[in-house]
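Q: I am new to this structure. Please take me through one part of it closely, in short steps.

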Amino acid sequence: MLPTTTFILVVEDDPVLKNLLGHTFASKYQTLYASNGTEALELFEANKPALVLLDLILPGMSGFEILETIRKRTDAQKDTPIIIVSNLGQDSDKEKAKALGANDYLVKAENSIEEIVSRMEALLPK
Amino acid sequence: MPLWLLFTLAFIVLIATTLGAIWYTTFTLLYPLIPPSAYVPVTEGATLLDAFMLLVVLILFVILGRLTALPLRRLNRAVNAFASRGERIPIVIPSFAPSEIRTLMRSFVDLVGSVETAHKKDVETSRVKSDFITTAAHQLRTPLTGVRWALEALENSELTEDQRGLVKNATDKSHELVAIVGTLLDISAIESGKYKYTFEQVDVNALTAEVANDFDAPAAERGLVLVFTPTAAVPFVRCDRERVKWVLSNLVDNAIRYTPSGGRITLGVTYGAERVFITVRDMGIGISAKDSANIFERFFRAGNAVAKENEGNGLGLYIARTIATDHGGDLRFSANTDGPGTTFTLSLPTGGPATTV
């Protein structure tokens, strides 16, 4: 169990998928949800999440842009672990995400939530 | 000016000169026999004229040769460049060239133009098709994710035995759908050249052993024995390790699917001049002559699988062979001569010093 002051930020615009992630996360993490880039960056700024799950296709600002914005910061938050959880899965998308500084990349449809959790655990401070 | 006219002109001048020379010679030789009254003196002028005519003939032939040969040579270079590399060397059609050659050059320029247009159209069609598949597959993935995650959550909740079985059926099928969408995306990527390979020096023995190891359990589960004995001194292969491993896994998976219980699947590595061959030998009932022409086709499935469950989607061998040829290698199969079954052979070009076993 994480201390209650640490948060996971989930950036996901599909309400059903958000709900399903929440179903599993509820017992494990303090979770914040954002549906778009502006919300995501505001929550990121205010709550200093320990990890971000980031979708790529979002209304307005794309996941790539959010990732880039976070990695361009100059404070300690710039190195927050970020896992891309998207249904984009071409080699070019994965390469781009890695180049921009994503720590991991999961194709949503191809992974169970348990798999996502285990990848998160690998990146979260013990 | 047409070529025939040039040749005719040169020929007329040549004949005239020759006749002049004959006339001159005849009169010189017959001089003593000609009665003085009939004698027409050969003047210095006539001799000079004849020499001059000869020179004109010579020059005419040289010009003719060059007029014909130079543009033909240029055309030849352009044809070769286009045929071998698809490169388009701009051709200047010389206005002084014979009209037949000018026509030929113009035809070639037109031909190159239409070939390029057709090719561009082809590329565009295939891009549109591939973009459509990519978009459609991504659109499918989002609702599929919801179905999958919901079913998995349901599977983990309190259920009766009956319900659990039903949910498992639905979950399995959702996984199958996810795999199909993934394969469609792979195919679309492979066909549009977006499939990126990461080449490295690979020890084929180690790679094959890894695959054999992965399939030990599934083979045993179906009552099959999976054997692999490494071969010494196999050269390294330059390939995309993950993709080649995928190809081998696919072949072994097929072999397991088509071999009846009690059978044996043999993996082997051999090498020849600049090629390493990885063989996957099964003891299935073989590929019928009717099917053999089609097994590398998309969505083709032989009707004689032993294991009816998890039949696969008929895309594996198509992708496998595309990966092989993208490596400069090949994927072939042949019926076993000393027993039942089929042997698939993946050949890959070598790219390094031999391994030590």
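**Where chain B meets chain A**

A: Start with the contact between the chains. In this predicted model, 18 residues of chain B are in contact with 17 residues of chain A. On the chain B side, helix H3 (99–155) and helix H4 (161–191) each supply at least two of the residues that touch chain A. H3(B) gives the most, with 11 residues. Sorted by class, this side of chain B has eight nonpolar, five polar and five charged residues.

Now turn to chain A and its strand S1, residues 8–11. Ile8(A) and Val10(A) point one way from S1(A). Leu9(A) and Val11(A) point the other way. Why this pattern? In a regular strand the side chains alternate between the two faces of the sheet. Ile8(A), Leu9(A), Val10(A) and Val11(A) are all buried.

S1(A) has strand partners. One is strand S2 of chain A, residues 31–34. S1(A) and S2(A) pair in the parallel sense over four bridges. Within this pairing, Val11(A) stands opposite Ala34(A). Another partner is strand S3 of chain A, residues 51–54. S1(A) and S3(A) also run parallel, again over four bridges. Here Leu9(A) has Val52(A) as its bridge partner.

Helix H1 of chain A spans residues 15–25. Together, S1(A), H1(A) and S2(A) make a β-α-β unit, and this unit is right-handed.

How values were computed
Residues are numbered from 1 along each chain as its sequence is written. Chains are lettered from A and ligands numbered from 1 in the order in which they are written. This is a predicted model: local features need pLDDT of at least 70, side-chain atom pairs count only at pLDDT 80 or more; totals for chains, interfaces and linings use all residues. A residue is buried if 20 or more other C-beta atoms lie within 10 Å of its own, exposed if 12 or fewer, and partly exposed in between; C-beta atoms are placed from the backbone. Two strands pair if DSSP finds at least two bridges between them. A crossover is right-handed if, with the strands pointing away from the viewer, the path from the first strand over the helix to the second runs clockwise. Two residues are in contact if their C-beta atoms, placed from the backbone, lie within 7 Å. Ala, Val, Leu, Ile, Met, Phe, Trp, Tyr, Cys and Pro count as nonpolar, Asp, Glu, Lys and Arg as charged, and the others, Gly among them, as polar.
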